[in-house]
Amino acid sequence: MGPLHPRVPHIPDDGLSDSRRWRKHLLKRLTRWHQRLLKDAARFDALDDEAVHAFRKRLKRLRYGLQFARTCLPGEGIKRYLKVLTPLQTSLGDFNDAHTALEHCRRWPA
């Protein structure tokens, strides 16, 4: 049986304090997730249903990561960003629910 906790990534010793090193690592990860969302958003109209669902899941992961980061990172930027992400995630969830309902309706006999 595997460990009960997630694997902690190795962060090299770069002369920074532990808290600064973790903040740097956290910002790097959040930035990568943000850039991936921007890339997908730029071609959103071309995404198929499965890719839209994956986009929504990545958006959710970024949002939860930002909510966690609010406790470690100063400033109002994260709070403002979350105000944008939250309704976007809700809209994508509504879209997914409508799409799923439509697919179920199409399977019903005439």
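A salt bridge, as I use the term here, is a side-chain nitrogen of Lys or Arg within 4 Å of a carboxyl oxygen of Asp or Glu. By that criterion, a search of the whole structure gives 4 salt bridges.

Some ground rules. This is a predicted model, where local features need pLDDT of at least 70, side-chain atom pairs count only at pLDDT 80 or more, and totals for chains, interfaces and linings use all residues. Residues are numbered from 1 along each chain as its sequence is written, and side-chain values use heavy atoms, with hydrogens and water left out.

I start with D40. Which residues form salt bridges with D40? One of them is R36, with the closest N and O atoms 3.4 Å apart. Another is R43, where the closest N and O atoms are 3.3 Å apart. R36 and D40 both sit in helix α1, and because they are 4 residues apart, about one helical turn separates them. Helices here are DSSP runs of H or I with at least four residues, numbered from the N terminus.

Next, accessibility. Buried means under 20% relative accessible area, exposed means over 50%, and partly exposed is in between, using a 1.4 Å probe and protein chains only. Is D40 buried or exposed? D40 has a relative accessible area of 1%, so it is buried.

Now helix α3, residues 77–107. E103 forms a salt bridge with R106, and the closest N and O atoms are 2.9 Å apart. The two are 3 residues apart in that helix, so about one helical turn lies between them. E103 is partly exposed, with a relative accessible area of 24%, whereas R106 is exposed at 57%. Going back to shared partners, salt bridges join R36, D40, R43 and R58 into one network.

Last, the aromatics. Rings of Phe, Tyr and Trp (its six-membered ring) pair if their centres lie within 6.5 Å; planes under 30 degrees apart count as stacked, over 60 as edge-to-face, and the rest as tilted. The structure has 1 such pair. Why is the pair of F44 and F55 edge-to-face? Because the ring planes are at 65 degrees, with the centres 5.5 Å apart. The pair links distant parts of the chain: F44 lies in the loop between α1 (18–42) and α2 (49–69), and F55, 11 residues away, lies in helix α2. F44 is partly exposed at 28% relative accessibility, while F55 is buried at 5%.
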